[in-house]
Amino acid sequence: MQDYLKELNEKQREAAAHMDGPLMIVAGAGSGKTKVLTTRIAHLMKQGIDAFNILALTFTNKAAAEMKERIEKILGNNEARNLYIGTFHSVFARILRAEAHKIGYPNSFTIYDSDDAKSLLKSVINENNLDDKLYKPQYVYGRISAAKNNLMGPIEYMQDHFIQQEDARSGRPLLGQLYAQYAARCFRNGAMDFDDLLFKMYELLVKHPDVLAKYQHKFRYILIDEYQDTNIAQYQIIKMLGAVHENICVVGDDAQSIYSFRGATIENILKFQKDYEGAKVVKLEQNYRSTQNILNVANKVIGLNKNQIPKNLWTDNGEGEKLKLVRTLTDNDEGRFVADAIAEQKLRNHYHNKDFAILYRTNAQSRSFEESLRRLNIPYRIFGGLSFYQRKEIKDFVAYLRVVVNPQDEEALKRIINYPVRGIGKTSMERVIIVANEQNITFWDALQQPQLAGLKGAAAAAIEQFVIMIRSFQAMLTKSDAYEVAFTVGKHTNLVKELYNDKSVEGLARYENVQELLNAIKEYTETPDEEGELTDKSLGTYLQNITLLTDADKNGDEDQDVVKLMTIHAAKGLEFPCVFAVGLEENIFPSAMSLYDREDLEEERRLFYVVITRAKHRLWLSFANSRYRFGSLVQNEPSRFIDEVPQEYIDRSFAGLAGARTGAVARNAAAQQRTFTPREKAPQQARPAASGGTSDVARVMAQKQAQAQITTHVPSANFTASDPEDMEEGMRVEHQKFGIGTIKKLEGGAHNRIATISFPTGGGDKKIMLAYAKLMILS
DNA sequence: TGATGCTAACTTTTT
DNA sequence: GTTAGCATCA
């Protein structure tokens, strides 16, 4: 037996050594699925299958890169470079780049990210004189996206009885027309959005049997990672591509399906055996990642879901530590607790920064952790959020490049036509757009003839100048490489100079970012080919690639010794020795959007399962009594998922900050004993927004200054908390941390009273929740 | 026409 | 608490 197969357990080997015919690998969390997948590909190649005939699809670029690397390692050569391996979106973009003309698109089509898409939608909505409060671009985009992921074009959409009813009921009967217009506009702009990369790929295969045959023949072996997260479009495409050879291998874990909001359907994995008769099924149930305690919790939690393939994860690893459950008063306390715990663990158990991950439900939750980590000088990195390519200065620069490559691209044109300022104002632009729409020509074509829009004089001249400039860049495309073009664009448009002259801190950062972009393009042009036969180093390919990159894909700094912060979604597929699962509160996790639907709730539970199974040795669950959301304090009950963790696996002696606060703890003890019953509505009356319309700049400045000089207050020796019921406006009170202050205002209902107290030595005005804060009445 | 300051909307999750 | 988009002023 080959060495690389010896490293696998029996089940893993069975899967990896399988050659022909459909295969489904049901791989529990941490069961070594990437190892199996990579070994299988290497094995296929060892058996003489040409790398050019293997297609492997993943959900992130990072996963793809990692797989490629591992395969190279097994094989000891660089044959893996010839594999077709990448995300669904990037692989299909690559194929479409070669074939797009067959469905009427330019091969240098632009890829619209969701910002571009929404911006175009907004234009369309406004042109129809519709209210964009009702037809919110975000909402419309969501509907269109869902339609495309279900392979439903505008016509099908408008003919679908059920959908029409839904739209009528929501008061948006014109959604279908917006969809049609948006699609037409994208087409006119030579642009595809993310969903089009799947939808148009499908269209291509359906309309052009010759193309289908070509790729069916080419991809003799198809492997798909994270199959539980595929949607209908992906499913159909795979089905078509694999129909001839049926050498389809899918790997997935129904328990980790967490992307239904993107159209993924768990059905795909559940029905695989029906789709492919005689499919071989291998279950991987041995977990190599976590301790027994962690796994027990995970198994128990996921067992509460109804719809699933039965599995039982087990491990050889020791029992390990119990989970630690932590309650804090506020989100800031939660942040402080986590940072302290990291510092402590580093000392006590010799962990490194990179051994820790802080995982949350929503990106917005990162703030309190950032602050507290910074305070303790613990380096960290946030994954997700704004990617490099979404920064304004980068988008501006890239917009130029996009126009050069594809002048039909209306969104990019709009972005740069008057940036840097060249005297083409809003009115001129709108006129041209109207003409373009009337004549159904592209914005760019309309710009060639400004007189059609009734423009003359300075405006027309400015447009003419602009057009000439862009043309001169386009002329370079055939002769020069991507970097030369980009460099010339930066120089000629004064973009780089303008940023260089901005000497502010942000300006400097922007300048550096643009330099980094230029460097990246240079690197791209100079790196030798790594891909299969379809390589080309043009600017167009480059632009398509970067649109599909996310922040998580940023190369190379794997080994940086930093604490990692990311959403649970982003953490899927990763593992960390120590995991903090934070913000376990009702309305956050589970999210408020998913409380009223069994299926949504089960997806949240799978998300909880995912976060638990990220941990190798230690796992903390934490939640806060109250936290700032949208700038005001909100109270949430502890997450129902906490109740679902069996008591015997929880370490409660470790109470975090909660131990000291008797009132809160007592109230909480009752809450934690609740069993899995539908809970009463949390008392969440909306509070009046912070009053005071006129904001006095001087006062705010003074306040900020005061905050900076907080001196730590030492509580009086006889400090005892007074009953909040007794407090009234105008009273002088003492706070253990902020010192002595005066109650300026009381608001909120009987159980949620909030006092605005001014502390002259404690940092100015504070809003304090009387139910939790300890205050002593002085007079 | 451009810069500045204010309001409102925002939070699920991502290719 | 943040940010995008809008209105107002220079």
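**Cavities and a crossing**

Guide: The second largest cavity has Ala255, Asn299, Ile302, Gln308, Lys311, Asn312, Leu313 and Tyr609 as its lining. This is a predicted model, where local features need pLDDT of at least 70, side-chain atom pairs count only at pLDDT 80 or more, and totals for chains, interfaces and linings use all residues. Residues are numbered from 1 along each chain as its sequence is written, and side-chain values use heavy atoms, with hydrogens and water left out.

Visitor: What makes a space a cavity?
Guide: On a 1 Å grid over the protein atoms alone, a cavity is a set of points where a 1.4 Å probe fits but cannot get out, and lining residues have an atom within 4 Å of a point. The search of the whole structure finds two cavities of 30 Å³ or more.

Visitor: What is the volume of the second largest cavity?
Guide: About 60 Å³, where a volume is the space filled by probe spheres set on the grid points, joined across faces, edges and corners. The largest cavity holds about 80 Å³.

Visitor: Why is α6 called oblique to α10?
Guide: The axes of α6 (residues 114–127) and α10 (residues 175–188) come within 10 Å and cross at roughly 120°. Angles under 35 degrees count as roughly parallel, over 145 as roughly antiparallel, 65 to 115 as roughly perpendicular and the rest as oblique; therefore α6 is oblique to α10.

Visitor: Which residues of α6 meet α10?
Guide: Ala117, Leu120, Leu121, Val124, Ile125 and Glu127, with contact meaning heavy atoms within 4.5 Å.

How values were computed:
Chains are lettered from A and ligands numbered from 1 in the order in which they are written. On a 1 Å grid over the protein atoms alone, a cavity is a set of points where a 1.4 Å probe fits but cannot get out, and a pocket is an open set with protein on both sides within 12 Å along at least five of seven lines; lining residues have an atom within 4 Å of a point. Axes are lines fitted to C-alpha atoms, for helices over the stretch in contact, and angles run from 0 to 180 degrees between N-to-C directions. Helices (H or I, at least four residues) and strands (E, at least two) are DSSP runs, numbered from the N terminus.
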